[in-house]
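Subject: Structure handover

Hello,

Here is the structure for you to look over. My notes on it follow below.

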Amino acid sequence: MRIGYKISITLVILATLFIFSMQVMATGGGSDWDKSSLVFDPGDIWYECEPNTLKATIANSGEDITEEIWKVHIYSQDGKVDGYEYIIDSDSKFNYDGTDLHLIEIPLEKDFKQGDYWLKFERPEGHPGGDSGGKSGTTYVNPDCDEQNPPELDFVGDINYYCDQEEATATVKNTGETVITGGGYMLERYEGNDEWAPYDVGGAINNLSPGDSKELTVNTSNLDEGQYRFVAYDDYNEGSTFYSQVFSVDRSVCEDLSLNGDGAFSCSDEELSITVTNTGKTTATDWEYIVKEKLDDESWEPISDVLSVEELEVGESTTLTYDTKGLEGVYKLEVYKHSIETYLESDEIVLDRSPCEKEPDPEEPEEPEEPKGELTYEGDGTYYCESDEIKITVKNTGEGTAEEWSYGLLKIEDGERTEALPGPYSIESLESGETYTITMEVSDLEDGVYQFTLFNYETGEFSSEVELDRSECEEEPEEPEEPKEEEPKEDEEKPEEPEEEQEEPKEEVESDQDEEEEEDEEDVLPQTGFNLPLWNYLLGGLVAASGVGVLVFRRPKFLTSDV
């Protein structure tokens with residue numbers, strides 16, 4: 001048991017001394033040296049009253065001992081103690097094995113003087129480090145111990161477990177009358193049914209004089225949670241064992257979360273929330289939370305998946321949330337960590353959306369828009385034979401200036417519109433009420449049906465259809481020749497001329513008929529784009545030249561066709 005709990009310390013020391021010995025070997029000094037290198041296990045020297053013996057453990061960090069002789073001497077405050085020398089040679093089996101410790105025992109005389117002593121190596125001749133070797137720890141020797149009371153250890157004060165530092169501490173006091181020269185301590189874990197299992201963690205208790213105390217420390221990072229106790233012992237008369245109070249390795253006291261407030265529902269965000277803070281002594285990891293709904297029978301049912309709480313450092317906080325869209329009722333959040341059996345619950349949270357059901361803020365009055373211009377057609381398009389042009393007038397009927405308007409001329413054929421002339425053409429601006437005559441020169445266009453288009457970036461419209469028919473423009477109608485009056489033959493009687501009184505009614509009837517025909521023509525002519533004043537002039541001339549009271553006129557074809 002003694003050698004086992006000191007292995008970890010020994011390895012560190014051996015590694016250090018091994019590096020030193022290798023550096024010395026590299027110097028090439030001492031050609032007769034077999035490159036062996038002995039070191040003490042520091043602190044592991046003790047005195048046993050029965051038999052009256054000084055003991056220590058050493059190791060060989062160099063090569064095997066083949067020829068050389070190592071010596072061990074006892075020292076005190078007064079120097080080397082004469083008459084005591086321990087020899088180590090090739091017969092001592094102290095071969096190099098890296099880590100194994102070897103026990104040496106130096107018997108003492110009955111009259112050996114009481115006091116503090118330590119051991120020291122004397123290196124063999126030719127060693128590059130000289131003949132003065134390493135030194136052991138110190139121990140108290142009392143050859144008269146068999147006549148005194150045995151050592152006595154007591155645990156004083158509380159056993160402290162620090163989960164944030166992963167260690168436990170206890171204090172022992174030598175309440176006996178004998179110096180404890182070779183004691184130690186370790187832990188035991190309770191297994192149930194009054195059974196305790198030893199754990200190889202601990203250390204040494206050396207040179208503890210009567211009335212003195214020592215703090216014992218063990219690392220708990222590799223221990224499972226459970227109940228433990230310290231065990232202290234000494235080597236007097238085959239050793240005595242002393243037990244501390246039982247303590248718990250319980251990490252829940254170190255890793256802990258606290259709820260801030262009762263939990264809340266935000267109708268604007270549609271979520272449940274609660275804030276948690278790490279009030280423990282170490283980083284909080286692997287915490288989880290769920291949301292539960294209250295049922296009609298007052299029981300609670302989980303409605304969410306298991307959600308994770310982010311890792312929190314000591315004193316750090318975070319807000320846990322859950323989406324409540326489509327939910328109604330009473331809920332709560334539960335935060336927990338199963339491994340430390342810690343469970344936290346919020347208060348009941350009612351999903352109350354009434355604070356969000358308020359009247360909307362009054363809308364700000366919209367700023368009045370600036371008046372805009374609007375172009376519309378004034379009448380229909382007209383074809384002019386004389387200039388071979390189609391014209392139409394547009395007017396700004398809006399309240400503002402009409403800007404960035406465009407127009408074009410389309411041909412209508414088989415019910416489809418195609419571009420007649422390359423365009424579009426622009427009307428830069430027209431003030432409100434102002435008109436503009438669009439003129440399109442159509443000498444390159446063939447006869448057919450056309451249509452204007454007028455538009456801007458917001459709206460547009462088509463004009464009525466305009467017929468381009470040049471057949472009516474080729475020849476002007478000829479005036480009719482005046483009819484010649486035939487002179488009656490001598491043997492024939494001249495026909496009696498009707499009396500003027502009888503002709504007048506007829507003229508009135510025919511005049512009425514002409515007026516009706518003119519009224520009908522007034523309905524048609526404006527829609528065709530035909531020059532009505534010119535037509536009236538020609539008609540009037542033909543009537544006057546004929547000298548006939550009645551002239552029957554057949555309307556031209558382009559005046560009677562549908563538009």
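**The disulfide and its surroundings**

C385 is partly exposed, with a relative accessible area of 34%. Its partner is C473, and the two form a disulfide with their sulfur atoms 1.5 Å apart. Please keep in mind that this is a predicted model. The bond joins distant parts of the chain, 88 residues apart. C385 sits in the loop between β24 (375-384) and β25 (389-396). C473 sits in the loop between β31 (460-468) and α2 (500-528). C473 also counts as partly exposed, at 28% relative accessibility. The disulfide count comes to one.

**The chain as a whole**

The protein chain has four helices and 31 strands. It runs to 563 residues, of which 37% count as buried. Take the contacts with a separation of 6 or more: residues 24 or more positions apart account for 65% of them. The accessible surface of the chain comes to about 34,100 Å². Carbon and sulfur atoms hold 43% of that surface.

**Aromatic pairs**

How many aromatic pairs does a search of the whole structure find? It finds ten. One of them is F155 with F230: the ring centres are 6.4 Å apart and the planes stand at 45°, so the pair is tilted. A stacked pair would need planes under 30 degrees apart, and an edge-to-face pair over 60.

Where do the two residues lie? F155 is in strand β8 (residues 153-162) and F230 is in strand β13 (residues 226-234). The pair therefore ties together parts that are 75 residues apart in sequence.

F155 has 19% relative accessibility. The cut-off for buried is under 20%, so F155 counts as buried. F230 is buried too, with a relative accessible area of 0%.

The pair is also part of a cluster. Ring pairs link F155 and F230 with Y185, Y199, Y228 and F247.

**Charges over rings**

Two cases to look at here. K391 lies over the face of Y384, at 5.2 Å from the ring centre. R417 lies over the face of F462, and there the distance to the ring centre is 3.8 Å.

K337 belongs to strand β21 (residues 330-337). Is K337 buried or exposed? It is buried, with a relative accessible area of 8%. Its side chain reaches the backbone oxygen of T285 at 2.9 Å. Leaving out residues up to four places away in sequence, K337 touches E255, T285, D286, W287 and T342.

D286, one of those contacts of K337, has its place in the loop between β16 (271-278) and β17 (288-294). D286 is exposed, with a relative accessible area of 63%. Its C-alpha atom is separated from that of V309 by 7.0 Å. Along the chain, D286 and V309 are 23 residues apart.

**Positive phi values**

Two glutamates are worth a look. E270 is not a glycine, yet its phi is positive, at about 55°. E270 lies in the loop between β15 (257-266) and β16. It is buried, with a relative accessible area of 16%.

E404 also has a positive phi, near 60°, in a residue other than glycine. Its place is in strand β26 (residues 402-413). E404 is exposed, with a relative accessible area of 59%.

**G423**

G423 is partly exposed, with a relative accessible area of 37%. The C-alpha atoms of G423 and L409 are separated by 8.0 Å. These two residues are 14 apart along the chain.

Regards

Methods. Residues are numbered from 1 along each chain as its sequence is written. This is a predicted model: local features need pLDDT of at least 70, side-chain atom pairs count only at pLDDT 80 or more; totals for chains, interfaces and linings use all residues. Side-chain values use heavy atoms; hydrogens and water are left out. Rings of Phe, Tyr and Trp (its six-membered ring) pair if their centres lie within 6.5 Å; planes under 30 degrees apart count as stacked, over 60 as edge-to-face and the rest as tilted. Buried means under 20% relative accessible area, exposed over 50%, partly exposed in between (1.4 Å probe, protein chains only). A charge sits over a ring if NZ of Lys or CZ of Arg is within 6 Å of the ring centre and within 35 degrees of the ring normal. A polar contact is a pair of N or O atoms within 3.5 Å; within protein, one must be able to donate a hydrogen and the other to accept it, and residues adjacent in sequence count only if both atoms are side-chain atoms. Contact means heavy atoms within 4.5 Å. A disulfide is a pair of cysteine sulfur atoms within 2.5 Å. Accessible areas come from the Shrake-Rupley method with a 1.4 Å probe; for residues, only the protein chains shown count as cover.
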